[in-house]
Amino acid sequence: MMKKNMDCRGLGPDCFDMIRKDEGLQALLDHIKGDCTCCLEVRCNYLSCYYRGGSMLKLEFNLCQKNLTFTFDPQYLDLKKTSKEPFAQLEAWLKIKSKDPRQWLDRLEALKGIMDAWFEEHPKAERSVQQKLAKSNTFSCGSCQTMDMELAIPGHRELGRMDLIAVYRKGERYIPLIVELKHGTKAFSNKSGLQAHYNKTTKFLREPGGEAYLVKTIRSIWDSKLRLGLIQEPVPGAG
């Protein structure tokens, strides 16, 4: 059953006010947006920067304290076959938990190096394809715009995460798309396969308010990405 007043992904006005006042943060975001190997996704008052399909950097807006928290996932430091010696200095710096966006900008390439080493030990071809699809499907290139990766519905853990959420433009109509990515024919029928995901997703959408929540979420993400300069097409019917 749908829970009432579920939060949608998106950035509130205070987040954009913080971006406007912080030149270092603007520089970091501009760099990420211009980096073809990175993908910036909107969450609920925070941003996730993906690299090779993995969440490399979380930028969280602390609205009460009016500051930022930057987080690099420590799982990527867990290297078994690769020497961690080249990353020792960076690992020590990460423990400081710097709130300076310029320092994170200076270390983005080093963070990618750690993730490259981790992905060598833990290949994730599906994740890489997911990010490439998210980056390549835009209204500027065609009729389909990816809106989100790894969408989780609050209070519905049984749904898992939706790999990609997109919008298909057909004339003046905009049609939501839910995309599930799998590799190989064995991914059709197992418990986390395409059929299982389809059944869970359609069940959620048939619940009262389910489809409306998905549309609301898409519109909220769309508006945030428009303001961030990630999408140029205005939200249909807005304003």
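Visitor: In which sense do β2 and β3 pair, and over how many bridges?

Guide: This is a predicted model, in which local features need pLDDT of at least 70 and side-chain atom pairs count only at pLDDT 80 or more, while totals for chains, interfaces and linings use all residues. Residues are numbered from 1 along each chain as its sequence is written, and side-chain values use heavy atoms, with hydrogens and water left out. As for your strands, β2 and β3 pair in the antiparallel sense over 6 bridges, and two strands are said to pair if DSSP finds at least two bridges between them. Helices (H or I, at least four residues) and strands (E, at least two) are themselves DSSP runs, numbered from the N terminus.

Visitor: How do β1 and β2 pair?

Guide: β1 and β2 pair in the antiparallel sense over 5 bridges, with Val-42 standing opposite Leu-47 in β2. These strands form a hairpin with 3 residues between them, where Asn-45 in the turn has a positive phi of about 60°.

Visitor: Why is β2 called largely enclosed?

Guide: A residue is buried when its relative accessible area is under 20%, exposed when it is over 50%, and partly exposed in between (1.4 Å probe, protein chains only). In β2, 5 of the 6 residues are buried, so the strand is largely enclosed by the rest of the structure.

Visitor: Are Cys-44 and Cys-64 to be called partly exposed or exposed?

Guide: Cys-44 has 35% relative accessibility and counts as partly exposed, while Cys-64, at 76%, counts as exposed.

Visitor: What makes the contact between Asp-30 and Lys-33 a salt bridge?

Guide: In general, side chains of opposite charge can pair when their charged atoms come close. A salt bridge is a side-chain nitrogen of Lys or Arg within 4 Å of a carboxyl oxygen of Asp or Glu, and the closest N and O atoms of Asp-30 and Lys-33 are 3.5 Å apart, so the pair meets the rule. Both residues lie in helix α2 (residues 23-34), 3 residues apart, about one turn of the helix. Asp-30 is partly exposed at 48% relative accessibility, and Lys-33 is partly exposed at 31%.

Visitor: How many salt bridges does this rule give?

Guide: The count comes to 14 salt bridges. Among them is the one between Glu-60 and Lys-58, at 3.9 Å from N to O, and another links Lys-203 and Glu-207 at 3.7 Å. Salt bridges that share partners also join Arg-9, Arg-43 and Asp-148 into one network. In the Lys-203 pair, Lys-203 counts as exposed at 54% relative accessibility, but Glu-207, at 13%, counts as buried.

Visitor: What is the volume of the largest pocket, and which residues are closest to its centre?

Guide: A pocket is found on a 1 Å grid over the protein atoms alone, as an open set of points where a 1.4 Å probe fits, with protein on both sides within 12 Å along at least five of seven lines; its lining residues have an atom within 4 Å of a point. The largest pocket has a volume of about 540 Å³, and of its 27 lining residues the closest to the centre are Arg-9, Arg-43, Tyr-46, Tyr-50 and Arg-161. β3 gives the most to this lining, with 5 residues.

Visitor: Which strand gives the most to the lining of the second largest pocket?

Guide: That strand is β1, with 4 residues. The second largest pocket holds about 360 Å³ of space, and among its 19 lining residues Lys-135, Thr-138, Gln-145, Leu-230 and Ile-231 lie nearest its centre.

How values were computed
Points joined across faces, edges and corners; volume = space filled by probe spheres on them.
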